[in-house]
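Have a look at the structure first, then work through the points below.

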Amino acid sequence: MRTIRNGLVLALGITMTALGATACGGGGDQTPAAANPNEHVELTLSTFTEFGYEALIPEYERLHPNIKVTHRKTGQGGPYHQDLITKLAAGSGLADVAAVEEGHLSDVLDKGSKFNDLTKIGPADASPDRWLGWKYDAAKTKDGKVIGYGTDIGPLAMCYRKDMFKAAGLPDDPEAVKPLFATWDSYFAAGADYVAKSKGKAWFDSAAQNFNAMVNQLPQGYIGSDDKLAVEGNQGIKDAWTKVTDAVAKGESAKLTAFSNEWNSGFKQGAFATKVCPAWMLGVIKEQAGPENANKWAVTAAFPGGGGNWGGSYLTVPTQSKHPKEAAELAAWLTAPEQQIKAFQAKGTFPSQVKALSDPTLLSQTDAYFGGAKVGELFAEQAKKVQKPQYKGPGDGQIQENASSPALQAVEQGKSAADGWQQLVDQAKKITR
Amino acid sequence: MTVIDKVAPEGSKAGERTSPRPTFRHKLSRWDVKVSPYLYVAPFFIVFGIVGLFPLLYTAYVSMFDWKAGDDNPEFIGFDNFKELFADSQFWNALANTVSIFLLSSIPQLVIAVLLAALLGARLRGATGWRVGILLPYAASLVAIGIIFANLFGPKYGLINGVLQTIGLDPIDWQASRFGSHVAIAIMVNWRWTGYNALIVLAAMQAIPKELHEAALIDGAGMWRRFTAVTLPLLKPTLIFVTITSTIGGLQIFTEPKLFDAMPGSNNGGSTNQFQTVTLYLYQSAFENYNLGYASAIAWVLFVIIVLIALVNFFLTGRLARTPAVKKK
């Protein structure tokens, strides 16, 4: 039974591959990485949380009957990446195609020698112009290797509570609120205004969420391009710190640690009026605020200080893989525009490919929960505002997670801004020592 | 053993008959007697060697290196990790937290366990039901308990603070305050382990000969007097056993503080490490900072501390066991 069906699928697959090859071949030379179509290959793919690949993998297997893909899904990102680094260190156990989140990318780039250069082994159609420039460049190692194909991105916009804005006498129409979100200064000033008018209600959820977005917008982050700690000398980081902690002092923060239980409850309770909103945050808000708060939340195509990106992943091919070419082909296919649109429709992962960003399916996407906002178009617009990737040296993600976020939490819990800054600097030094 | 007994005489008989020199069969049976016992006990030692001794020694080896996960050629640095560790304020902070949480959990836990055992030992209707009942928290999933308690102790929307506010008290920021967080974590630990310890104590209590109690009763001792003068002294070895096990567990406390942290997945133990324990710091060093050498050094220091405390306990047990409690009577 199985062999008969496989035979049919094989025949179908060969025709499809042939069609596919002619379709792709129009661009230029033949793909040098084309694998032997008759060899039976088993590939593994490891992802965390939701990538929207459930329907795509059977499709890929239909198209490539000689390939069997096993998908290993993990629930949480943190443990997934710990496991990834450990297996990288152990030298075995990794999947042929391993997903890496943007926040952990710097740790992986640091170990670039343990990954395949996709410009060497990847199919020719996976060319740089497929992706948004900054997304593609972020996965380049110092010596110019490209170790990951971009999957989704998290362009930033601002979400806010229409009803709470109205109650405090602020404008609430998505177009009318844009000036409030023009710069961080105007944003925090509006926050102070809101706190006064609403008699002490909070403006944003947590200091760390804003601070992370602000630091990400800077030309240089915690680590300089020489891989040395640059927190103390970086005036941009210090300014961002001052602005955020001033806002905390003015009572603008709801003091809820992002993704904690209390934060989840905060959405239901209407504990804050605005929220830094990467594209994937819409799903989080819907989930946590629940149907009873439908139409209260709105999103607008504006973000303090221009644009930014928060989140999104890459598909890498570790050198441990026994079938690197086949793995790279799978990764390239999964991140191709058509598949990104399908993943977006399945799980809302926002595409990172230029062609996908002008796709009518994406642009016509609306969200009833957010008052029917054209979210596809809105985030596509925000994605184009992102300039270039900030260089993230080794330890950058750890500093954000274990130095700056706890320090801001401490300030929210009553520590002085100066002591909090010292805590950040000391901890960052410890991490990078 | 029966096999050996059978084989040995047969072999020796055969040997005597044919030649004065021991035959191969004879030798084999002698070897059998000598070697077999070791083979029988070998599985334990092999398994212990693989999963106990080897990791212990290898950890000691790793602790001598500046070993980052993924390093191809870690650098040998001798005892530098230990030197650094002893100068590391975060380690001492973590150790102080661990001891504080351990004391806050173990002391009330043992007191309540003994009192609970005394209650359960009294004549109760449906005694088995009560006994099973106090063991139920122990059977619950530790992770589920952690998540539920972290919710209860939420600073803003937690049930405990809700109750405090209803009765007119100020809410406590269980996350931010060092002592508050230790109390919250200790309550989690106590909720889970008190019943377990109570059952062990109860078993020991029921092993106390009835005659002693009857004699005390005849001497006119009341219930409290009998408890303090008969039950407690005879419970000493059991109490010490329970103390040792809860010390070892308490010094390794990990899941509760990890899940208590508001930041999901965080190993910081609060914004200023106010409830980071030694194992949490070890885990952070190894699997978040990928500093395997340093983490191994922490593991060894923790191991030595636990061994020291266990030795002290062992010494005390020995002394207490030598003086029979009934002698006083």
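Predicted model: local features only at pLDDT ≥ 70, side-chain atom pairs only at ≥ 80, totals over all residues.

**Nonpolar cores in chain A**
- The largest nonpolar core has 49 residues, and the members that touch the most others are F165(A), F181(A), W203(A) and F211(A).
- Setting aside residues up to four places away in sequence, F165(A) touches Y160(A), L170(A), P171(A), D172(A), V177(A), L180(A), F181(A), W203(A), A273(A) and T274(A).
- There is also a second, separate core of 47 residues, with I57(A), V100(A), I121(A) and A331(A) among them.
- As background, nonpolar side chains tend to be buried together in soluble globular proteins.

**A covered helix in chain A**
- Helix α9 of chain A spans residues 207–217 and is mostly covered, with 9 of its 11 residues buried.
- Those buried residues are A207(A), A208(A), Q209(A), N210(A), F211(A), N212(A), A213(A), M214(A) and V215(A).

**A loop glycine in chain A**
- G393(A) sits in the loop that joins α17 (375–385) to α18 (396–412) of chain A.
- Is G393(A) buried or exposed? With a relative accessible area of 0%, G393(A) is buried, because the cut-off for that is under 20%.
- Beyond its neighbours within four places in sequence, G393(A) contacts S106(A), I223(A) and D227(A).
- G221(A) is 172 residues from G393(A) in sequence, yet their C-alpha atoms are 8.5 Å apart in space.

**Helices α5 and α8 of chain B**
- The axes of α5 (residues 127–139) and α8 (residues 178–206) of chain B come within 6 Å and cross at roughly 140°.
- The crossing of α5(B) past α8(B) is left-handed.
- On the α5(B) side, the meeting residues are R131(B), I134(B), L135(B), P137(B) and Y138(B); among their partners in α8(B) are W191(B), W193(B), Y196(B) and L199(B).
- Sorted by class, this contact has 10 nonpolar, 2 polar and 2 charged residues.

**Helices α9 and α10 of chain B**
- Here α9 (residues 210–218) and α10 (residues 223–251) of chain B have axes that come within 10 Å and cross at roughly 160°.
- An angle over 145° counts as roughly antiparallel, which is why α9(B) and α10(B) are described that way.
- The crossing of α9(B) past α10(B) is right-handed.
- L212(B), H213(B), A216(B) and L217(B) from α9(B) meet R226(B), V230(B), T231(B) and L234(B) from α10(B).
- This contact is made up of 5 nonpolar, 2 polar and 1 charged residues.

Terms used: Residues numbered from 1 in each chain as written. Chains lettered and ligands numbered in written order. Heavy atoms only, no water. Axes fitted to C-alpha atoms, helices over the stretch in contact; angles between N-to-C directions. Helix = DSSP H or I, 4+ residues; strand = E, 2+ residues; numbered from the N terminus. Parallel < 35°, antiparallel > 145°, perpendicular 65-115°, else oblique. Left-handed = near helix turned anticlockwise from the far one by under 90°. Contact = heavy atoms within 4.5 Å. Nonpolar A, V, L, I, M, F, W, Y, C, P; charged D, E, K, R; others polar. Core = buried A, V, L, I, M, F, W, Y, C linked by side-chain atoms within 4.5 Å. Buried < 20%, exposed > 50% of the residue type's maximum accessible area, 1.4 Å probe, protein only.
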